[in-house]
Amino acid sequence: MDLTETAPLPLSRYALFHTRDVDQARESVARVFCPHALNTCHAGERLDARHHSARLGEASSLNYVQYGPAVDIDPGHLGTFYLLQIPLRGGATVWCGGRELRSDTRQASLPSPTEPLRMHWAADSPHLIVRLSQAAVVQQFEQLAQHALCGPLVFEPGVDMDAAPMAGIGAFVRYLCGTLDADPAFSGSALARQAESYLVSSLLLQLPHSHRALLEAGRRPLLPRVVRRAQEYMHAHATEPLTLAQLCSHLGVSARGLQHAFLCATGESPMGHWRSVRLERVRQALRAAGPGAGRDAVARIAERYGFFHAGHFADQYRRRFGERPSQTLRVMKESEPPR
């Protein structure tokens, strides 16, 4: 007997669709996640596709997804979000960042937005999926580390659900699904936002990822004096033009020596750090802009910090924070209390 037909499905009050049409399933799922290719693996098979989706806080959603027969899914890159995918039965083969892993009820997958991704879901393999905004994960990391993130944050794609940390996180995800089913008012509430923050922090602190060492250090790493002086100068002159030659002249060091010191201490180049400083200042200014900011607010703020090519700036900003500059401005304006 198929229990999915006799027992309530997770998040059942948040059903988005139930269809046997591939095109409808692909287009509907893409509205919550991202555009992707979706194909059944065997000719003549019809989907039994369902998608239930409930918002948790401002930056995450919980989802139940099933397709019925085996399917191939190819999103390319997720772009602006992470996915914690927990098979409820069956399993999937996941190719992420050049690695292949087998996901099942004991091994979840956690693709990162910057890594190429494609998947093969076996037949009868419903998943619980947690969608987490990249911007929220980056912000939480920086709060925990008290340090700006340098480079993309990439999780190990395989997640052992039997390991002690993940067993608790998996149980917490199921608890949240049950709470949302029992109480629709929980979605978006203050408690839900706290749960979202706890979930993101737990993943960052418990799971391996490309910047885990910085969190484990528990403090800002000691930097060579020349690197600290360079960073202090950059922060003090964020609105002024700056070249590598000017920076070296101010510090009294060679370009090669400064680049080597930066790479060893931070993993990035001096000018890469300079760009990060200015992007952070832009983000702070967009967040501080009042609800009366005009349409040209993004361009004016970007130019103040040396970003004069709108297309290049928008691309760098999206890669850094997982959202467009206009989205940052709009979100902050929408969060203003009514006057």
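## A tour of salt bridges, cores and one buried glutamine

Select Glu156 and Arg99: the two form a salt bridge whose closest N and O atoms are 2.6 Å apart. The model is predicted. This pair links distant parts of the chain, 57 residues apart. Glu156 sits in the loop between helix 2 and strand 12 (158-160), and Arg99 belongs to strand 8 (residues 99-104). Glu156 has a relative accessibility of 33% and so counts as partly exposed; Arg99, at 44%, is likewise partly exposed.

How many salt bridges does the structure hold? There are eleven. Three further stops show some of them.

- Select Arg319 and Asp315 in helix 11 (residues 310-321), where they lie four residues apart, about one turn of the helix. Their salt bridge has its closest N and O atoms 2.2 Å apart. Asp315 is partly exposed, with 31% relative accessibility.
- Select Arg300 and Asp296, another salt bridge, with 3.3 Å between the closest N and O atoms. Arg300 is partly exposed at 42% relative accessible area, and Asp296 is also partly exposed at 42%.
- Select Glu142, Glu280 and Arg320, which are linked in a network of salt bridges.

The largest nonpolar core has 41 residues. Which of its residues touch the most other members? Select Leu84, Phe141, Phe155, Val159, Met166 and Leu204. Elements that give two or more residues to this core include strand 6 (81-87), strand 11 (127-133), helix 2 (134-145) and helix 4 (190-206). Helix 3 gives the most, with seven residues.

Centre the view on Leu84 and display its contacts. Apart from neighbours within four places in sequence, Leu84 is in contact with Ala108, Ser109, Leu110, Leu128, Ile129, Val130, Val159 and Met166.

The last stop is Gln66, in strand 4 (residues 60-66). Is Gln66 buried or exposed? Its relative accessible area is 7%, below the 20% cut-off, so Gln66 counts as buried. The side chain of Gln66 makes a polar contact with the side chain of Tyr64, at 2.6 Å. A polar atom of the Gln66 side chain also lies 2.9 Å from the backbone oxygen of Asp48. Leaving out neighbours within four places in sequence, the residues in contact with Gln66 are Leu9, Asp48, Ala49, Arg50 and Pro126.

Definitions and conventions
Residues numbered from 1 in each chain as written. Predicted model: local features only at pLDDT ≥ 70, side-chain atom pairs only at ≥ 80, totals over all residues. Heavy atoms only, no water. Buried < 20%, exposed > 50% of the residue type's maximum accessible area, 1.4 Å probe, protein only. Polar contact = N/O pair within 3.5 Å; in protein donor to acceptor, adjacent residues only side chain to side chain. Contact = heavy atoms within 4.5 Å. Core = buried A, V, L, I, M, F, W, Y, C linked by side-chain atoms within 4.5 Å. Salt bridge = Lys/Arg side-chain N within 4 Å of Asp/Glu carboxyl O.
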